[in-house]
Amino acid sequence: MAKNTPPTPTLMNSKEVGVSNRYDDIYTDYQAKNIYSAERKGQSFLFEFQNNVALKIDVLTDTIFRVRYAPKGQFEDGFSYAISDDFKAAKVQLQFEEKDKDYRIISSQIQCWIDKKKGTLKFKDAKGKTINEDAEGYSARSTIHKGFCRIAVSKKSPKKEQYFGLGDKSCSLDLRGHDCDNYNTDAFAYGNGSYTLYRSIPFYYGLNNGVGYGIFMDNSHRSHFEFDVKKSGVTTFWAEGGEMNYYFIYGPKLMQVAQQYHQLTGVTELPPMWALGFHQCRWSYYPDARVRELANDFRKHQIPCDAIYLDIDYMDGFRCFTVNKKLFPDLKKLTSDLKKDGFSTIVMIDPGIKEDPEYWVYKDGIKNDVFCRRTNGDLMVGPVWPEECVFPDYTSPKARKWWSKLYKGLYGKDGVAGFWNDMNEPAVFKVNSKTFPDEVHHDYEGKGANHKRIHNVYGMQMTRATKDGLLKIKSKKRPFVLTRATYSGGQRYAAVWTGDNVATWEHLEIANRQCQRLSISGYSLVGSDVGGFVEQPTGELMARWIQLAIFHPLFRIHSMGNNADGSGAVLDNIMELDAEDRKDQEPWSYGKKFTAVNRKSIELRYQLLPYIYTAFYQQATEGLPVIRSLHFYDQKDEKLRKVERDFMFGDHLLVSPIVREKAKSQSVYLPEGQWFNFWTNKLHEGKKSARVSAKIDKIPFFVKAGTVLPLYPVRQHTKEKISHLDLHIYIGNGESCLYEDAGNGFEYRDGAYRKVQFVAALKGNKYTLHAKATGKFKVSYKKINLHFHTGNQVFKSLKIDGKKVDFETTENGTIQVSMKKLFKGLELK
């Protein structure tokens with residue numbers, strides 16, 4: 001459309017100048033009012049307003065619209081750390097219409113209406129039904145002292161609309177009524193309702209009249225999301241600098257929104273299989289003899305475990321990439337011995353590099369000029385574990401390359417299998433802000449920026465450099481990186497955990513909510529410090545937390561142990577202390593009863609590994625979150641939107657953790673469909689509540705009818721040979737998948753995998769199940785056991801691949817058959 005001659009700018013309500021406070025900092029406010037020009041270039045639309053504010057809308061797919069505002073008409077270059085390099089905009093057929101009161105951009109799925117006078121946006125579906133609309137729309141404030149310090153958009157909040165996501169917030173799942181900040185913070189012993197935690201993920205879901213959408217504000221400055229906090233029917237999201245740049249994502253299903261968010265920001269690649277096993281950690285396991293004792297205790301107690309962590313005390317005086325030779329005289333031999341017994345070793349690496357002229361990492365960093373500097377040119381120096389640290393600038397390609405090479409010793413020579421990047425908010429001790437001052441300069445890919453822009457992506461870029469280094473050192477091995485701080489898109493580089501929690505029942509509930517929220521926010525490889533990092537859990541609390549963590553992809557116990565005073569001091573007599581003095585938090589630390597309970601729970605995790613691994617394959621290929629809040633299963637069921645405790649784990653399991661002390665039973669509301677109680681085999685109808693037992697040795701969970709649930713035999717670690725596969729077949733209509741490969745390496749990209757697609761159908765008293773296998777990977781097991789869970793059905797005959805087969809029926813009605821290879825089709829009558 002032709003560009004009109006711009007009218008003379010007027011202040012009106014679109015631009016105001018005033019004095020903001022007693023220090024006479026003059027401010028200017030900007031709003032998008034009165035369009036005078038509209039122009040289309042392909043799938044990009046530019047609107048200019050009377051006061052030089054500009055709006056740009058880029059249509060990326062039929063259902064993803066990118067919205068950007070420039071208060072003075074000049075847009076930033078569009079660079080983003082969050083958006084995946086793999087994302088490519090689609091070619092979209094569009095209509096662009098001018099009406100009396102608005103302009104309209106129309107795709108096959110949604111419409112965006114831009115009000116000519118008010119400058120507000122409305123997003124509608126193809127039928128013209130409003131999905132989301134602005135209240136006051138865009139506004140910005142700039143001051144002489146701060147520059148642009150508030151960049152905001154306000155949206156209408158219909159009365160019944162609900163909001164979800166936003167990463168690791170500890171509040172209720174529904175964000176309505178909450179005022180949430182995004183600023184990566186060392187939030188030791190945080191509580192319920194803590195809003196500034198370790199990660200910043202400025203992405204949320206809206207659910208309006210059963211229709212789902214998402215908004216991702218890709219701005220790395222400190223940001224704020226106010227979800228109808230004043231009960232005025234308005235939700236506002238804003239940042240303390242940068243550009244208003246958000247993506248509107250239309251579902252209409254919440255799961256479709258999740259998939260498109262992953263499409264934009266990337267997925268977590270398949271982790272190594274051992275990373276999905278059980279992990280044991282504490283602050284700290286030392287010396288060498290204590291670590292060996294721990295490993296021996298796991299095997300002695302016959303409790304499966306795949307990974308042992310070394311916290312900061314393995315270092316020489318908190319110097320990263322060094323080893324304390326007094327505590328660990330031969331780290332390479334230790335990791336080698338642990339590996340022989342099935343353990344992978346993971347060590348901590350922090351960004352704070354000790355300022356020590358004799359320390360090789362510090363000297364090399366100074367030589368290569370890779371550390372952050374203040375705007376006056378001085379090094380940014382601050383206390384973390386060492387009293388004085390400098391910090392790499394991970395926004396510099398040069399610094400990332402330098403950092404990536406530092407792992408050669410630990411990873412390439414000493415046999416360390418994975419790395420734990422901690423304290424990377426970045427944390428700074430002894431100052432109220434807990435971090436860098438704003439006026440620290442960063443390279444920002446050669447563009448230059450202060451810490452206000454970089455703070456929330458600092459940890460993310462650290463993990464990027466770490467992962468890059470591990471891949472360069474061992475290109476045929478899948479890297480494992482765990483991080484505390486990150487930003488949207490950081491799931492491409494590292495797993496996350498929920499940070500320094502507390503050993504309380506309230507924190508068990510918080511961990512449950514946080515892992516649901518993080519998973520739907522892009523981070524499926526997520527877990528909590530099982531049992532609590534701060535203080536010590538009772539045997540009951542630890543047992544319940546371990547049971548919940550069966551269904552958290554990152555399954556790791558971690559605690560402060562004997563460092564509860566926070567000093568970080570190494571205790572020379574650690575081997576002489578008993579378990580109580582050491583404040584042990586291992587699965588066997590709570591007596592024989594709980595040792596047996598915890599063993600059973602961890603064994604169940606290892607049985608479920610083929611199901612969990614398949615869920616990660618679906619996450620990596622389709623962008624499906626592994627953990628999903630129940631309203632993702634059926635967003636039109638209003639009862640599910642109120643459920644916080646129970647959740648879906650993958651496509652087929654509904655988990656109802658016990659999160660209350662001394663619980664005897666609890667009521668579970670089941671969604672539409674039919675559901676088998678995993679423990680009792682009882683079939684329940686959906687849209688009803690079921691009462692389940694809360695026995696201490698079991699976590700209640702249900703299997704959806706129509707599911708084929710694959711289970712492995714119990715093993716002490718994932719590298720043990722798999723003797724057989726159990727397929728538990730829950731009679732009903734449905735589709736299931738089983739994905740298997742070598743569990744490490746990248747050969748699967750060239751077809752070295754086996755993917756089995758199961759299609760089940762139940763018509764009257766006839767049940768059929770078809771299996772189609774693809775891929776070149778050959779499984780090691782030679783036996784497959786079929787377990788048919790028949791519910792209320794009675795079957796008298798079974799045919800497998802056209803041949804009649806005899807079967808056994810157990811006391812609970814399960815039909816069992818063993819075979820040497822996978823079937824193609826079977827029929828029960």
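The accessible surface of this protein chain comes to about 31800 Å², and 47% of that area belongs to carbon and sulfur atoms; such areas come from the Shrake-Rupley method with a 1.4 Å probe, and for residues only the protein chains shown count as cover. Keep in mind that this is a predicted model, where local features need pLDDT of at least 70, side-chain atom pairs count only at pLDDT 80 or more, and totals for chains, interfaces and linings use all residues. Residues are numbered from 1 along each chain as its sequence is written, and side-chain values use heavy atoms, with hydrogens and water left out.

**Overall shape**
- The C-alpha trace spans about 85 × 75 × 50 Å along its principal axes.
- The radius of gyration (taken over C-alpha atoms) is 28 Å, which agrees with the value near 28 Å for a compact globule of 829 residues; the globule rule is 2.2 Å times the number of residues to the power 0.38.

**Inside the fold**
- You can find 13 helices and 54 strands in the chain; helices (H or I, at least four residues) and strands (E, at least two) are DSSP runs, numbered from the N terminus.
- Of the 829 residues, 62% count as buried, meaning under 20% relative accessible area (1.4 Å probe, protein chains only).
- Among contacts (heavy atoms within 4.5 Å) between residues at least 6 apart in sequence, 68% join residues at least 24 apart.

**A look at helix α9**
- Helix α9 covers residues 505–520.
- Since 14 of its 16 residues are buried, α9 is largely enclosed by the rest of the structure.
- Just after α9, G522 takes a positive phi of about 110°.

Key. Buried means under 20% relative accessible area, exposed over 50%, partly exposed in between (1.4 Å probe, protein chains only). The expected span of a helix is 1.5 Å times one less than its number of residues.
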